[in-house]
Amino acid sequence: MVTRLALETAIELLGLIGIETEVANTGRETVSMLQNAGANYYDLVLMDLEMPDMDGHEATLAIRDQCEFDAVPIIAMTAHALAEIRERCLAEGMQDYLTKPINPELLYHTLTRWLPQAKQRSSTINTSDDNAAALDSAESSGSNASSPSSGAANAAATHVASTLAAPTPDSTTA
């Protein structure tokens, strides 16, 4: 789980580049959010691995059991920078892996890498030709989205389901 500050930071970083974020408190809630919204609503899932009720590993397996979500990238987020955890995440169907604390440059670079796939899958990611051109330009030039102003991952209708488990108000867990 993450601290309230880390959760707010992640949401703010995503908001700076025009990404709408919806937060789930458990893995089970994440699975429900995806099922209720349908396969073309969420363009990416940031999956915290340590959550109550159903952890990120179990949630990913439940999501991957439903073929309609096969094209939705899932990015693991964890404080564990161990090779075996990374390999487990990839084997379970996650596409990438980020460690906490959140490094904004690495977060933006990872989003740039995976959101173009979502753009091809879903028409909801881009509602303007300018956003599509910015994403295509960044992808072809190899530019990374290290700053919010780069526009590389700036898509007005990008929806991310974030399972950065929201702690209770008195939680100090890192």
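Which residue forms a salt bridge with Glu87? Select Arg86: the closest N and O atoms of Arg86 and Glu87 are 3.8 Å apart. A salt bridge here is a side-chain nitrogen of Lys or Arg within 4 Å of a carboxyl oxygen of Asp or Glu. Glu87 is partly exposed at 47% relative accessibility, and Arg86 is partly exposed at 34%. Buried stands for under 20% relative accessible area, exposed for over 50%, and partly exposed for the range in between (1.4 Å probe, protein chains only).

This is a predicted model, in which local features need pLDDT of at least 70, side-chain atom pairs count only at pLDDT 80 or more, and totals for chains, interfaces and linings use all residues. Residues are numbered from 1 along each chain as its sequence is written, and side-chain values use heavy atoms, with hydrogens and water left out.

**Whole chain**

Show the protein chain as a cartoon. There are 6 helices and 5 strands, in the order α-β-α-β-α-β-α-β-α-α-β from the N terminus. These elements are DSSP runs numbered from the N terminus: helices are H or I with at least four residues, strands E with at least two. Of the 174 residues, 47% count as buried. Among contacts with a separation of 6 or more, 70% are between residues 24 or more positions apart; contact means heavy atoms within 4.5 Å.

**Salt bridges**

The whole structure holds 5 salt bridges. Select Lys100 and Asp48 for one of them, with the closest N and O atoms 3.2 Å apart. Lys100 sits in the loop between strand 4 (96-99) and helix 5 (104-121), and Asp48 in strand 2, so this pair ties together parts 52 residues apart in sequence. Both residues are buried; for Asp48 the relative accessibility is 1%.

Keep Asp48 selected. Strand 2 covers residues 44-48. A polar atom of the Asp48 side chain also lies 3.2 Å from the backbone nitrogen of Glu50. This is a polar contact: a pair of N or O atoms within 3.5 Å, where within protein one must be able to donate a hydrogen and the other to accept it, and residues adjacent in sequence count only if both atoms are side-chain atoms.

Next, select Arg88 and Glu92, whose side chains meet in a salt bridge at 2.8 Å, N to O. Arg88 is partly exposed at 40% relative accessibility, whereas Glu92 is buried at 11%.

**Nonpolar cores**

Now select Leu34, Val45, Met47, Ile63, Cys89 and Met94. These have the most contacts inside the largest nonpolar core, which has 22 residues. Such a core is a set of buried Ala, Val, Leu, Ile, Met, Phe, Trp, Tyr and Cys residues joined through side-chain atoms within 4.5 Å. Two or more residues each come from helix 2 (27-37), strand 2, helix 3 (56-64), strand 3 (74-78) and helix 4 (83-91).

Center on Ile63. Apart from neighbours within four places in sequence, Ile63 contacts Thr30, Val31, Leu34, Met47, Phe69 and Ile74. Another core, of 17 residues, lies apart from the largest one and includes Ile17, Leu46, Leu107 and Tyr108.

**Thr26**

Last stop: Thr26, in the loop between strand 1 (19-23) and helix 2. Thr26 is buried, with a relative accessible area of 15%. The Thr26 side chain reaches the backbone nitrogen of Arg28 at 3.4 Å. Leaving aside neighbours within four places in sequence, Thr26 is in contact with Met51, Pro52, Asp53 and Met54.
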